Amino acid sequence: MHAPLLDAEIYDQIRETARRFAEDVVRPVAAELDRDETFPAEIYRQMGALGLFGITVPEAHGGAGLDTYAYAIVMEELSRGYSSVADQCGLVELIGTLLTRYGTPEQMRRLPDILAGKTRVAYCLTEAEAGSDLSNVRTTARETAEGYVIDGGKLWIHNAPVADLGFVLASTDPAAGHRGMSIFLVDLHAPGVSRGPKEHKMGQRASQVGALAFDGVTVPREALLGPKGRGFHIMMSVLEKGRVGIASLAVGIAQAGLEAALAYARDRRQFGRPILDNQGLQWLLADMAKEIAAARALVERAALLIDREKPATSAASMAKCFASDMAVAQTANAVQVFGGSGYIRGVEVERLYRDAKITQIYEGTNQIQRTIIARELIRNGA
């Protein structure tokens with residue numbers, strides 16, 4: 001495996017900063033945020049001030065100027081506090097990457113407020129018939145003398161109920177399929193934009209999700225991000241980093257579950273002694289620890305490949321698929337350690353179990369990840 005690009009002490013400092021913030025600011029209110037499904041705007045402003053948004057965005061553009069491995073560390077540590085908060089970090093990271101790679105100077109002027117947590121953004125891809133298959137997007141952007149007119153709708157969009165700025169994938173040439181798609185920066189307060197109700201989710205409940213509708217929304221030519229007709233390629237260009245982010249988030253959820261289970265097993269007494277004395281439970285905890293360590297290693301491998309600009313498609317899919325399956329399985333084991341009390345709403349491991357499930361679905365379902373891994377094996381060999 002390639003060595004990290006930065007000095008080990010830098011990564012240690014990054015982990016410590018993110019961990020302290022998660023422990024001191026995020027974790028104490030995680031149960032309340034989950035219960036009330038509240039968008040934690042103040043926490044995001046604090047994250048922006050601390051530099052936890054835009055980890056890989058160059059310093060010249062207001063980011064931390066670090067690498068994908070550092071981003072993975074931040075995602076894991078924030079997720080140990082509450083994965084809904086880490087989810088926002090991941091969203092801003094992808095938006096920041098898109099802007100720094102493809103944005104015009106005028107578009108880049110939006111970046112400081114995004115990284116400061118002042119402008120709320122949404123990554124507007126999914127539709128009723130376009131989830132894993134983004135080539136089936138039906139939202140259109142019709143070119144006019146002044147710019148474009150956008151019509152269509154998006155579903156299950158993170159931040160849709162609260163976002164100010166949308167990065168909208170739309171078809172500018174329906175006959176060309178995925179080669180006829182473009183991305184537009186859309187003011188989500190503009191006439192013609194409407195929002196559906198906030199969805200009430202199983203987990204990660206403080207991460208706001210909903211629908212967006214575009215009815216004759218006019219945008220200037222300057223709203224086009226990157227070349228016309230290259231929207232699908234542009235979106236796909238950040239998927240590997242996105243999958244590493246979700247894999248890291250899943251590792252953080254599972255790590256929080258292991259820590260909670262270990263603490264409970266030390267304190268809980270049955271038959272006159274701590275349940276941690278039971279060998280069967282010790283083995284369960286040991287299995288949890290080794291599965292988490294394996295997932296973390298896959299995340300590190302994928303992140304370092306990206307940072308070295310090496311092919312990382314299969315590695316990112318492996319990390320995302322393995323880590324998310326692991327998180328669901330190991331948070332279920334954490335609930336098992338707690339017994340009946342782990343099944344009660346408001347207990348941390350019950351929330352972690354619910355929070356883990358979505359990691360198998362978003363950023364490409366795990367069935368899609370397996371297809372990608374198999375395709376890469378067939379194409380390139382083992």
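This is a predicted model: local features need pLDDT of at least 70, side-chain atom pairs count only at pLDDT 80 or more; totals for chains, interfaces and linings use all residues.

Me: Which residue in β3 does Glu 143 stand opposite?

Reply: Glu 143 stands opposite Tyr 148, and this belongs to the antiparallel pairing of strand β2 (residues 140-143) with strand β3 (residues 147-158), which runs over 4 bridges. With 3 residues between them, β2 and β3 form a hairpin.

Me: With which other strand does β3 pair, and over how many bridges?

Reply: Strand β7 (residues 209-220) pairs with β3, again in the antiparallel sense, over 9 bridges, and there Tyr 148 has Val 219 of β7 opposite.

Me: How many aromatic pairs are there?

Reply: Rings pair if their centres lie within 6.5 Å, and by this rule there are 5 aromatic pairs. One of them joins Tyr 11 and Tyr 69 in a tilted arrangement, with 4.7 Å from centre to centre and 55° between the planes. Because Tyr 11 lies in helix α1 (residues 8-36) and Tyr 69 in helix α3 (residues 68-81), the pair ties together parts that are 58 residues apart in sequence. Ring pairs also link Phe 39, Tyr 44 and Phe 53 into a cluster.

Me: Are Tyr 11 and Tyr 69 buried or exposed?

Reply: Buried means under 20% relative accessible area; Tyr 11 is buried at 5%, and Tyr 69 is buried at 15%. His 233, placed in helix α7 (residues 231-236), counts as partly exposed because its relative accessibility is 39%.

Definitions and conventions
Residues are numbered from 1 along each chain as its sequence is written. Side-chain values use heavy atoms; hydrogens and water are left out. Helices (H or I, at least four residues) and strands (E, at least two) are DSSP runs, numbered from the N terminus. Buried means under 20% relative accessible area, exposed over 50%, partly exposed in between (1.4 Å probe, protein chains only). Two strands pair if DSSP finds at least two bridges between them. Rings of Phe, Tyr and Trp (its six-membered ring) pair if their centres lie within 6.5 Å; planes under 30 degrees apart count as stacked, over 60 as edge-to-face and the rest as tilted.
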